[in-house]
Amino acid sequence: MFDVGFWEFALIGIITLIIVGPERMPSIARTAGKYVGKAKRFIAKIQDDVSDEIDIDQFKKQMNDMDKESNIVEIFDETKDALNDIKHNTDQKK
């Protein structure tokens with residue numbers, strides 16, 4: 001995303017040291033580290049969520065393909081029709 005190397009970080013550090021002074025530099029570095037850590041965890045969480053969604057979509061597609069191949073829907077429809085016929089026949093005998 002950002003192409004920042006050692007020299008860029010060194011330049012930022014030197015400028016920050018000049019502006020804020022050596023007394024406040026450690027606390028600023030600590031705070032910046034916390035925010036960078038939070039950002040990394042946030043991005044990792046988003047990547048995990050997207051990966052999970054992709055896995056779920058692939059699983060759904062695979063299940064639909066398996067359903068089409070094995071004709072499960074047709075078997076359920078045939079079973080439902082057979083049960084309805086049996087129910088209709090038992091209602092007529094009463």
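I began with surface charge and found a negative patch formed by Asp 48, Asp 52, Glu 53, Asp 55 and Asp 57. I noted that a patch takes residues with over 30% relative accessible area and no salt bridge, joining like charges within 9 Å, that Asp and Glu count as negative, and that a salt bridge is a side-chain nitrogen of Lys or Arg within 4 Å of a carboxyl oxygen of Asp or Glu. I placed each charge at CG of Asp or CD of Glu, and took areas from the Shrake-Rupley method with a 1.4 Å probe.

I kept in mind that this is a predicted model, in which local features need pLDDT of at least 70, side-chain atom pairs count only at pLDDT 80 or more, and totals for chains, interfaces and linings use all residues. Residues are numbered from 1 along each chain as its sequence is written, and side-chain values use heavy atoms, leaving out hydrogens and water.

I then located Glu 53 in helix α2, residues 25-70 (a helix is a DSSP run of H or I, at least four residues, numbered from the N terminus). Glu 53 is partly exposed at a relative accessible area of 47%, since buried means under 20%, exposed over 50%, and partly exposed in between.

Tyr 35 is also found in helix α2, and counts as exposed at 55% relative accessibility. From Tyr 35 to Ile 75 I read 57 Å, C-alpha to C-alpha, for 40 residues in sequence.

Lastly, I looked up aromatic pairs (ring centres within 6.5 Å; planes under 30 degrees apart are stacked, over 60 edge-to-face, the rest tilted) and found 1. Phe 6 and Trp 7 form this edge-to-face pair, 5.1 Å centre to centre with 70° between the planes.

Technical notes: Patches are made of residues with over 30% relative accessible area and no salt bridge: like charges are joined within 9 Å, nonpolar side chains (Val, Leu, Ile, Met, Phe, Trp, Tyr) within 5 Å. Helices (H or I, at least four residues) and strands (E, at least two) are DSSP runs, numbered from the N terminus. Buried means under 20% relative accessible area, exposed over 50%, partly exposed in between (1.4 Å probe, protein chains only). Rings of Phe, Tyr and Trp (its six-membered ring) pair if their centres lie within 6.5 Å; planes under 30 degrees apart count as stacked, over 60 as edge-to-face and the rest as tilted.
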